[in-house]
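Please keep the sequence and the 3D view at hand as you read.

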Amino acid sequence: MPTMSLTEEEAATYDRQIRLWGLDAQKRLRAARICVLGIYGLGSEVCKNLVLAGIKSLCIVDHRTVGKDSIGAQFLIGEDDAGKSIAQVAATRLQILNPNVQIHTQTSDPELLEDSFFKDFDVVCVLGLAAKSSFLERVDDICRAEGIKFYSGEVYGFHGCFFTDLGSEYEYVIEEIKDKSKVSIDAVADTAAEPSAKKAKVDEEPPDDSTKMIKQCMAFAPWKSAVCSKWSHGASARTLKRASPIYFVFLVLQEFIDSHGRTPSCSSVEADIAELRSLRDKILTNLSLQTSVVDDALLRQCVAELSPVCAILGGVLAQEVIKAVSGKDVPLNNFFFYHGVQGNGMVEKLGYS
């Protein structure tokens, strides 16, 4: 990815994070052009994190208006904004967080966008849009052909997941310490009288020759391959036991979205849950799995978009985008599933032959 030089003011603004991931990574972020389709709960968390990180530009695409379902899931809009464009309201609040970032909005229906629209970005994220599989496959295919990094994600009540496609040959670097004995940590002088929260440690800067950067390459499967992974027959009992139940929830919810163009709603919860049960039975039976893999209680936890789950999943996803843009550290490949009741996340690598 290209880089952009920083002004003295920007260097001061981003000083803390430059210390964390380095000047070169910050320059790459400063040149990043990112498009986010969907600015409900998950999208707002990701946008907030990326804007604060100091990207070059953010384009928010969302044709929806502010309603009750969106107000409760995020912090960028309020009750006074009811009926307004959610993209424009969110953009105004995001701009306050970091005036250095160029923020644009597009209020067209994302599914009506031309293929050429996506080619002006380095990263495209489809988040909380209740997007059909055909649309996700189309956008991912465009991104792979143009070398654009692609992410998609949804929050289902207490649970959520996101998908990553960084292309067939994504290159990144990891930092390795040559001689760990050269890097030491000195404690600050005795502060026993101080509260423990005020005690600190000082990390010495390692010598220039104490670390080395190792270049690596990783392949990612496209969306259409990842969602067609087979778990029957060839799936061992050990693999099946390890698999997150949220993956199967994802399959059920995605088929529901493909049929209705939305996620389950609080206004029709009983009817939607009944349909989710039917879809679960069909999908798990086709995969030669017991329906107990996804019980009824788990399905009932998949209604609406909860802001705490959006914050957790959005934080992980935004960190992955920052890693991908900066080209540093190992990315998650390729699904991340978050189980909100158990409070854990799991990475599943799906769609590889």
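## About the model

This is a predicted model, in which local features need pLDDT of at least 70 and side-chain atom pairs count only at pLDDT 80 or more, while totals for chains, interfaces and linings use all residues. Residues are numbered from 1 along each chain as its sequence is written, and side-chain values use heavy atoms, with hydrogens and water left out.

## An enclosed strand

Let's begin with strand 1, residues 33-37. Helices (H or I, at least four residues) and strands (E, at least two) are DSSP runs, numbered from the N terminus. Four of the five residues of strand 1 are buried, so the rest of the structure largely encloses this strand. Here buried means under 20% relative accessible area, exposed means over 50%, and partly exposed is in between (1.4 Å probe, protein chains only).

Strand 1 pairs with strand 2 (residues 57-61) in the parallel sense, over five bridges; two strands pair if DSSP finds at least two bridges between them. Look for Cys 35, whose bridge partner in strand 2 is Cys 59.

## Two nonpolar cores

A nonpolar core is a set of buried Ala, Val, Leu, Ile, Met, Phe, Trp, Tyr and Cys residues joined through side-chain atoms within 4.5 Å. The largest one has 51 residues, and Ile 34, Leu 58 and Val 321 touch the most other members. Helix 13 (residues 307-326) gives this core its largest share, nine residues. A second, separate core has 49 residues, including Cys 35, Val 126, Phe 256 and Cys 302.

Which residues does Ile 34 touch? Leaving aside residues up to four places away in sequence, its contacts (heavy atoms within 4.5 Å) are Leu 50, Ile 55, Ser 57, Leu 58, Cys 59, Phe 121, Val 123 and Val 321.

## A cavity inside

Rolling a probe the size of a water molecule over the atoms shows where empty space is left. On a 1 Å grid over the protein atoms alone, a cavity is a set of points where a 1.4 Å probe fits but cannot get out, and lining residues have an atom within 4 Å of a point. Grid points are joined across faces, edges and corners, and a volume is the space filled by probe spheres set on the points.

The structure holds one cavity of 30 Å³ or more. About 110 Å³ of space lies in the largest cavity. Of its 17 lining residues, Leu 136, Ser 152, Gly 153, Glu 154 and Gln 254 are the closest to its centre. Strand 5 supplies the largest share of the lining, four residues.

## Backbone details

Most residues other than glycine have a negative phi, and most peptide bonds are trans. Ala 130 has a positive phi, near 50°, and sits in the loop between strand 4 and helix 7 (133-146). Is Ala 130 buried or exposed? With 13% relative accessibility, Ala 130 counts as buried.

Asp 329 also has a positive phi, about 75°, although it is not a glycine. This residue is in the loop between helix 13 and strand 11 and is partly exposed, at 40% relative accessible area. Asn 334 belongs to the loop between helix 13 and strand 11 (335-339), and a cis peptide bond with omega of about 5° joins Asn 333 and Asn 334.

Definitions and conventions:
1 Å grid on protein atoms, 1.4 Å probe; cavity = no way out; pocket = protein on both sides within 12 Å on 5 of 7 lines; lining within 4 Å.
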